[in-house]
Amino acid sequence: MAITDKIYVKNHQQLASQLETSFPKGAFKGATLDILFQGEGLAKLDEASRERVLDFAEDFLDCDCEANPHCGCAERKFISYLLELREQGMGPDAIVDVMSDDYMLYAYPGDVLSFLDNSVRTLEAVETLADVDGRDDVAEDVQQKRQRLL
Ligand SMILES: [Zn+2]
């Protein structure tokens, strides 16, 4: 399962009751994207929640794909967001705190940790392949990227 399948909406019950409808707890579930982040119900949310929902829509759902918001861009952008937080030196707990402040989302720190570990391992594999291929420039780029995640 991708890390984006393990990102949840905080205060999920409360938001659902404000919207007078139900939607899944997973932030990147199709129905959550439709109902919470792109829905008409925005006006029904309290101000603090509305701001964060709008921030999320602006930062992750702003592509022009025909399939928006189900095109996969949101997931890709969110993964970059997580990696950027890591590059700033944050650990899993701090990353969860920041996503909660920024977008009212949460994840289990253990899941964030596995995601970061997997990202580093993926980069290691790419680095090895680039080495084998004699692509020193690529290997070096990837190595630098990987170092920033450690
Ligand atoms: Zn898109």
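Let's start inside the protein, at Met104: this residue is buried, with 22 other C-beta atoms within 10 Å. (Buried means that 20 or more other C-beta atoms lie within 10 Å of a residue's own, exposed means 12 or fewer, and partly exposed is in between, with C-beta atoms placed from the backbone.) Met104 also has a positive phi of about 60°, although it is not a glycine. That is worth a second look, since most residues other than glycine have a negative phi. You'll find Met104 in the loop between α5 (92-103) and β2 (105-106).

Before going on, a word about what you're looking at. This is a predicted model, in which local features need pLDDT of at least 70 and side-chain atom pairs count only at pLDDT 80 or more, while totals for chains, interfaces and linings use all residues. Residues are numbered from 1 along each chain as its sequence is written.

Now step back to the whole chain. It has seven helices and two strands, and along the sequence they come in the order β-α-α-α-α-α-β-α-α. (Helices are DSSP runs of H or I with at least four residues, strands are runs of E with at least two, and both are numbered from the N terminus.) The C-alpha trace spans about 60 × 35 × 25 Å along its principal axes. Of the 150 residues, 23% are buried.

Is Glu20 buried or exposed? Glu20 is exposed, with 8 other C-beta atoms within 10 Å. Then there's the cis peptide bond that joins Asn68 and Pro69, with omega about 5°. Pro69 is in the loop between α3 (47-60) and α4 (73-87).

Next, have a look at α2. Its buried residues are Thr32, Leu33, Leu36 and Phe37. Seen down the axis of α2, they fall within an arc of 100°, so they line one face of the helix. (The arc is that of the directions from the helix axis to the C-beta atoms.) Here's the general idea: an α-helix has 3.6 residues a turn, so residues three or four places apart point the same way. What covers the buried residues of α2 includes β1 (8-9), α1, α3 and α4.

Leu36 turns up again in the largest nonpolar core, which has 25 residues; Leu36, Ile95 and Val112 have the most contacts inside it. (Such a core is a set of buried Ala, Val, Leu, Ile, Met, Phe, Trp, Tyr and Cys residues joined through C-beta atoms within 7 Å.) The elements giving two or more residues to this core are α2, α3, α4, α5 and α6 (109-132). Leaving aside neighbours within four places in sequence, Val112 is in contact with Pro92, Ile95, Val96 and Ala107. (Contact means C-beta atoms, placed from the backbone, within 7 Å.)

Finally, how do the later helices pack? The axes of α5 and α6 come within 8 Å and cross at roughly 115°, so these helices are roughly perpendicular. (Axes are lines fitted to C-alpha atoms, for helices over the stretch in contact, and angles run from 0 to 180 degrees between N-to-C directions.) By contrast, α6 and α7 (residues 136-149) pack at about 160°, with axes 8 Å apart, and are therefore roughly antiparallel. (Under 35 degrees counts as roughly parallel, over 145 as roughly antiparallel, 65 to 115 as roughly perpendicular and the rest as oblique.) Among the α6 residues that meet α7 are Leu116, Val120 and Leu123.

Conventions
Two residues are in contact if their C-beta atoms, placed from the backbone, lie within 7 Å.
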